[in-house]
Amino acid sequence: MSGTMQQITLASRPSGAPTSDNFKLENTAIPTPKAGEVLVRVHYMSLDPYMRGRMDDAKSYAAPVPLGGVMEGGGVGEVIASKAEGWAVGDFAFGMFGWATHATADAALLHKLDPTLGPITAALGVLGMPGFTGWHGLMEYGRPKAGETLVVAAATGPVGSMVGQIAKSLGLRTIGIAGGADKCALATKTFGFDVCLDHRAYADARALRGALKQAAPDGVDIYFENVGGKVLEAVMPCMNPYGRIPVCGMISWYNEGGLGSGAASPLSAPSLWRPILVKFLSVQGFIISNHWDQFPTFLSEIGPKVASGQIKVIEDIAQGLENAPQAFIGLLEGRNIGKQIVKLN
């Protein structure tokens with residue numbers, strides 16, 4: 001297909017927090033789909049914390065983005081050319097299209113969307129990878145029971161808000177941790193958390209732990225781990241015997257480089273291992289891409305709750321591909337409110 005498109009590539013690897021210099025906006029020719037592929041005009045793309053890890057040249061469960069390569073990311077858009085059976089011009093799809101206005105993709109790797117059932121942006125957040133992460137981690141590894149106490153940080157993000165809302169519906173006491181008074185108000189008033197603590201209001205983990213003990217006088221049964229750092233250090237001594245800790249991320253350490261391996265923290269191995277041992281804790285790390293076989297079950301359970309308004313959704317939509325780097329930098333600094341998305345077309 002003739003014409004030009006835009007894409008953002010990795011210009012250099014960051015040392016610490018990413019800057020705009022690590023990204024490059026390029027113009028290139030729109031590709032032509034091969035047999036079995038479709039060409040998609042991307043309407044919205046997702047920004048997620050895991051993308052910071054892809055910028056490091058470090059061994060992980062997925063290869064890093066090569067220098068000069070298109071930044072990785074999921075998106076939703078409209079098929080504008082098809083050479084794949086079962087896909088027609090005008091269909092909508094979710095796929096890993098990258099930071100780009102257009103992309104070709106193997107149709108077998110795409111998920112077809114029905115835009116009449118709701119906003120297609122839901123496939124990037126509440127009914128996509130983040131929401132699925134929250135649901136799977138909580139239900140599979142958190143094993144929630146009515147009357148228990150759950151703590152989750154980044155409580156107004158797409159993962160944390162899903163975790164909190166499901167837990168609350170199951171009869172748990174839900175404690176969110178977020179950055180700023182406005183986010184804490186959103187956590188309690190919109191997402192239904194019983195309590196939300198502003199981690200920025202506490203100078204260190206000890207002070208945050210004191211507030212957490214007041215909010216959870218009976219201790220913590222489930223800590224859904226997605227941030228690491230000060231929050232992890234605050235929560236660990238508060239865990240109850242036989243507590244569960246699903247681990248899906250560590251955003252507070254990502255900018256340390258090496259997928260967080262260079263993080264400087266006062267949290268020592270004994271501070272972690274001793275409570276795991278003497279309190280018989282279950283700690284389970286997971287990468288949601290290993291569990292896509294459960295995605296249809298997730299959609300069948302959570303989809304109707306989103307449609308009915310039982311599960312609340314907040315989206316933070318930046319405008320234009322050229323603004324994706326700054327929106328991503330803001331995401332890592334906690335400046336977004338809700339699921340961070342970029343509108344392209």
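Helices (H or I, at least four residues) and strands (E, at least two) are DSSP runs, numbered from the N terminus. The structure is a predicted model, in which local features need pLDDT of at least 70 and side-chain atom pairs count only at pLDDT 80 or more, while totals for chains, interfaces and linings use all residues. Residues are numbered from 1 along each chain as its sequence is written, and side-chain values use heavy atoms, with hydrogens and water left out.

**Figure 1. Y242 and F280, two residues with a positive phi.** Y242 belongs to strand β12, which spans residues 239-247. The phi of Y242 is positive, about 65°, although Y242 is not a glycine. With a relative accessible area of 55%, Y242 is exposed; the classes are buried for under 20% relative accessible area, exposed for over 50%, and partly exposed in between (1.4 Å probe, protein chains only). F280, likewise not a glycine, has a positive phi of about 55°. F280 sits in the loop between α8 (269-278) and β13 (282-285). Its relative accessible area is 44%, so F280 is partly exposed.

Figure 2. From C-alpha to C-alpha, G249 and L208 are 20 Å apart in space, and 41 residues separate them in sequence.

**Figure 3. The buried and exposed residues of helix α4.** Helix α4 covers residues 181-189, and its buried residues are K183, C184, L186 and A187. These residues are on the same side of α4 because they cover an arc of only 160° around the axis, the arc being that of the directions from the helix axis to the C-beta atoms. An α-helix has 3.6 residues a turn, so residues three or four places apart point the same way. The face turned away from the buried side of α4 carries the exposed residues A181, D182 and K189. Among the elements that cover the buried residues of α4 are β9 (173-178) and β10 (195-198).

**Figure 4. Q340 and its contacts.** Q340 is part of strand β15, residues 339-343. Its relative accessibility is 5%, so Q340 counts as buried. Contact means heavy atoms within 4.5 Å. When neighbours within four places in sequence are left aside, Q340 is in contact with S46, L47, D316, I317, A318, A327 and L331.

**Figure 5. An aromatic cluster that includes F295 and F298.** A pair of aromatic rings is described by the distance of the centres and the angle of the planes. Rings of Phe, Tyr and Trp (its six-membered ring) pair if their centres lie within 6.5 Å; planes under 30 degrees apart count as stacked, over 60 as edge-to-face and the rest as tilted. The structure holds 13 aromatic pairs. In the pair of F295 and F298, the ring centres are 5.7 Å apart and the planes are at 35°, so this pair is tilted. Both residues lie in helix α9, 3 residues apart, about one turn of the helix. F295 counts as buried because its relative accessibility is 12%, and F298 counts as buried because its relative accessibility is 0%. One aromatic cluster is formed by F132, W135, W292, F295 and F298.

**Figure 6. The second largest pocket and its lining.** On a 1 Å grid over the protein atoms alone, a pocket is an open set of points with protein on both sides within 12 Å along at least five of seven lines, whereas a cavity is a set of points where a 1.4 Å probe fits but cannot get out; lining residues have an atom within 4 Å of a point. Grid points are joined across faces, edges and corners, and a volume is the space filled by probe spheres set on the points. The second largest pocket has a volume of about 450 Å³. Its lining has 20 residues, of which L117, G118, P119, A122 and L127 lie nearest the centre of the pocket. At least two lining residues come from each of β7 (111-113) and α9 (295-308), and α9 gives the most, with 5 residues. By class, 14 lining residues are nonpolar, 4 polar and 2 charged; Ala, Val, Leu, Ile, Met, Phe, Trp, Tyr, Cys and Pro count as nonpolar, Asp, Glu, Lys and Arg as charged, and the others, Gly among them, as polar.
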